[in-house]
Amino acid sequence: MPETALATPPEETAQPPARSPRTVRLEPTRGFSRVLSPKELWSYRDLAVQIAMRDITLRYRQTALGAAWAILQPIAFMAVFSIIFGRFAGVGSDGLPYALFALAGLVPWAFFASTLQLGSESLVMYTELVSKIYFPRIFMPFGILVAGLVDLAVSTFLLIVIVLIYGIVPGVEVLMVPVLILIAAAAALGITSALSAINVKFRDVRYIVPFSVQLWLFLTPIVYPTSVLSQPWQTISAINPMVGVVEGFRWALLDTGSAPWDLIGISALSATVLLIAGLAYFDRVERTFADII
Amino acid sequence: MSQVAIEAHELGKSFKLGMGKRGYGTLREALVGGIQQRAAKLTRRGSQKEETDWLWALKDISFAIENGEAIGLIGHNGAGKSTLLKIFSRIIEPSTGYADVTGRVGSLLEVGTGFHPELTGRENVFLNGAILGMRRAEIRSRFDEIVAFADIERFLDTPVKRYSSGMSVRLAFAVAAHLEPEILLVDEVLAVGDAAFQRRSLAKMNDVAKEGSTVVFVSHNLATIQALCTRGILLERGQVIADGPVQETVNMYLRSLERAANQDLLERTDRDRRGWKESLIRRVKVQDVVSGEDDVVVGGRPAKIVIEVTEVLPLMDCQLTVSNSLGHPVMTLDSTLPSPDDVRDESLGPRLECDLAALSLIPGRYRVDLVLRGNREIQDGLQAAAFFDVEPGVIDGRPIPPSGLDGDVMLPHVWRMPG
């Protein structure tokens with residue numbers, strides 16, 4: 001036996017199984033899936049968590065009302081819209097109290113709009129990080145999305161409380177709310193990652209986004225019901241992913257009866273396309289961010 | 001186990017010219033440009049004009065860095081040192097070739113990069129640690145150490161914006177110091193800012209190198225490069241022109257600097273990239289006030305450094321470093337640290353002057369590097385803008401020692417001796 005012991009190469013016993021260094025090849029890349037590879041994202045997961053935490057923390061830091069703003073903003077809009085559209089213009093609300101009708105649309109909308117606005121600035125706001133250190137940049141718009149989702153969870157909960165106060169008790173449809181949120185999140189992440197990437201090169205995005213979001217608000221059935229459109233258009237309008245989400249929210253929470261499955265289905269499809277297209281674009285241009293930001 | 005930490009193979013990096021770093025490039029420009037290109041393609045098919053629009057910041061860079069080596073990247077401004085470092089740290093992609101990097105990479109960055117002023121000290125430790133590449137568990141296990149090192153226990157839950165600058169620097173450095181990279185990349189240009197931070201960064205680099213990690217260091221300060229690094233790689237116009245023991249490479253660089261100084265300064269391309277270039281350094285000379293001769297000064301005589309510039313801008317300032325023939329900085333003359341005797345005088349014309357009551361340097365050849373400021377911005381910067389010789393002289397009647405084995409400066413002084 002001692003002979004075999006001697007035959008063992010000494011380094012095998014002496015070397016502890018230290019972290020095996022991973023060789024990374026840095027080379028010009030083309031096409032897709034450079035950084036959006038799951039392995040790469042996973043290896044940076046701790047940073048993703050920290051960035052999301054930062055965005056959640058920062059949202060209401062040094063505000064007196066804090067997370068209450070998540071619901072106060074939609075409520076303020078609701079008040080204005082109720083007076084202008086509900087009272088003066090006499091816009092219909094499918095037989096629901098107009099205020100509630102508007103609020104159910106405004107809650108998911110506020111999430112969508114703020115994600116677009118903050119997310120499109122997420123890279124250019126931290127130029128020094130992008131130009132000085134490497135990490136998967138998708139974490140920047142993603143962090144904004146996560147912070148928005150936290151907001152949305154709070155405001156949806158408060159929305160349900162308000163709905164109950166109105167004496168409406170939602171049925172099992174309420175279980176669809178997470179699915180609807182997922183659709184809104186997919187669409188928002190797709191659009192916001194594309195916008196944040198374009199913003200790196202063209203700061204025009206900064207000026208285009210706020211007014212586009214305003215316009216989009218009126219293209220979405222928030223102040224009016226989808227039923228104002230005649231039929232083929234009603235279904236077609238759901239290409240705007242927020243149509244399915246907003247109408248879905250009303251159905252799920254306000255006990256309106258028949259489910260708008262066609263709208264939700266088309267919007268889900270549209271959101272998926274937006275997500276894939278947005279991420280693909282981001283992936284393609286990410287490698288040039290530090291060169292041009 | 002691989003012995004090579006970084007292997008560069010025919011690395012190249014090209015930048016598109018025209019859209020400079022400050023040009024945002026508006027959507028309109030892109031649209032108009034796109035249409036023009038299409039139109040040009042239609043009229044004269046396939047005219048390939050594109051290649052002239054590319055600048056090769058790096059070309060055919062090949063070398064291998066062994067585990068545990070400390071490498072200094074040396075070269076003029078714009079030689080490609082920082083670009084190379086950015087490729088190694090994955091911030092930018094090479095245009096050609098590849099680099100294999102084995103091991104965990106860490107960078108020392110400017111104070112508080114990634115610090116968010118609204119977040120508390122505690123939150124920033126975790127955020128910054130993650131940005132620098134630490135695992136969450138790792139940060140948590142060293143958290144107490146980091147806080148103790150930074151000495152900010154009482155302010156852990158105070159937003160960093162209320163910290164004094166000293167406190168932020170301490171905290172930023174504490175986080176960086178607890179990073180344990182296998183490969184440490186440091187660009188002094190990126191790490192500028194606080195002098196204290198810089199000093200500590202260098203100490204940290206020294207420790208890291210001694211612990212057997214690989215260090216790649218970019219600096220203009222040849223003295224620190226020589227102190228920290230064993231091997232030097234000299235870059236010129238994006239290419240490796242020397243690679244060897246640090247002393248030899250530094251000497252080569254010093255000789256190339258001297259050649260550059262003989263060139264017309266306005267024609268030099270190795271300007272500080274940060275410069276806005278509204279005003280350029282036209283000429284720098286060191287004048288012996290007694291003899292009136294340029295660039296030859298007798299030690300101990302009053303001297304005048306004249307910096308001629310192309311344009312007069314509001315609030316012009318100059319930061320100037322004099323280094324000896326080994327590349328060690330000897331002194332800094334900085335007008336941004338004002339004295340009540342300084343004068344701003346419009347009738348001076350496009351020039352800055354610095355009067356020295358006595359140039360108390362020992363004989364030898366000295367180099368002047370300078371940074372020109374104006375309009376609250378860096379305008380121009382040149383290494384080796386001038387060389388001057390100091391001849392043997394006297395200060396207050398006392399002869400200046402002829403050789404600089406023990407320092408380069410002799411200050412006016414008076415002895416008192418018993419008997």
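Predicted model: local features only at pLDDT ≥ 70, side-chain atom pairs only at ≥ 80, totals over all residues.
Stepping back, S5 and S6 belong to an open sheet of six strands in chain B, ordered S5-S6-S7-S3-S8-S9, with mixed pairing. Strands S5 (105–108) and S9 (239–245) of chain B each have a single partner strand and stand at the edges, so one side of each lacks a neighbour in the sheet. On average, neighbouring strands here are turned by 20° against each other, direction ignored.

| Helix | Residues | Strands touched | Angle between directions |
|---|---|---|---|
| H2(B) | 81–88 | S3(B), S6(B), S7(B), S8(B) | about 145° with S7(B) |
| H8(B) | 246–261 | S3(B), S8(B), S9(B) | about 25° with S8(B) |

Now over to chain A, where helix H6 (residues 98–120) packs with helix H9 (residues 177–201) at an angle of about 20°, their axes 8 Å apart. Angles under 35 degrees count as roughly parallel, and H6(A) and H9(A) are therefore roughly parallel to each other. Their crossing is right-handed. On the H6(A) side, the contact residues include Pro108(A), Phe111(A), Phe112(A) and Leu116(A), while H9(A) contributes, among them, Leu180(A), Ala184(A), Ile191(A) and Asn199(A). Sorted by type, the residues of this contact are nine nonpolar and six polar, with no charged ones.

Definitions and conventions
Residues numbered from 1 in each chain as written. Chains lettered and ligands numbered in written order. Pairing = 2+ DSSP bridges. Helix = DSSP H or I, 4+ residues; strand = E, 2+ residues; numbered from the N terminus. Axes fitted to C-alpha atoms, helices over the stretch in contact; angles between N-to-C directions. Contact = placed C-beta atoms within 7 Å. Parallel < 35°, antiparallel > 145°, perpendicular 65-115°, else oblique. Left-handed = near helix turned anticlockwise from the far one by under 90°. Nonpolar A, V, L, I, M, F, W, Y, C, P; charged D, E, K, R; others polar.
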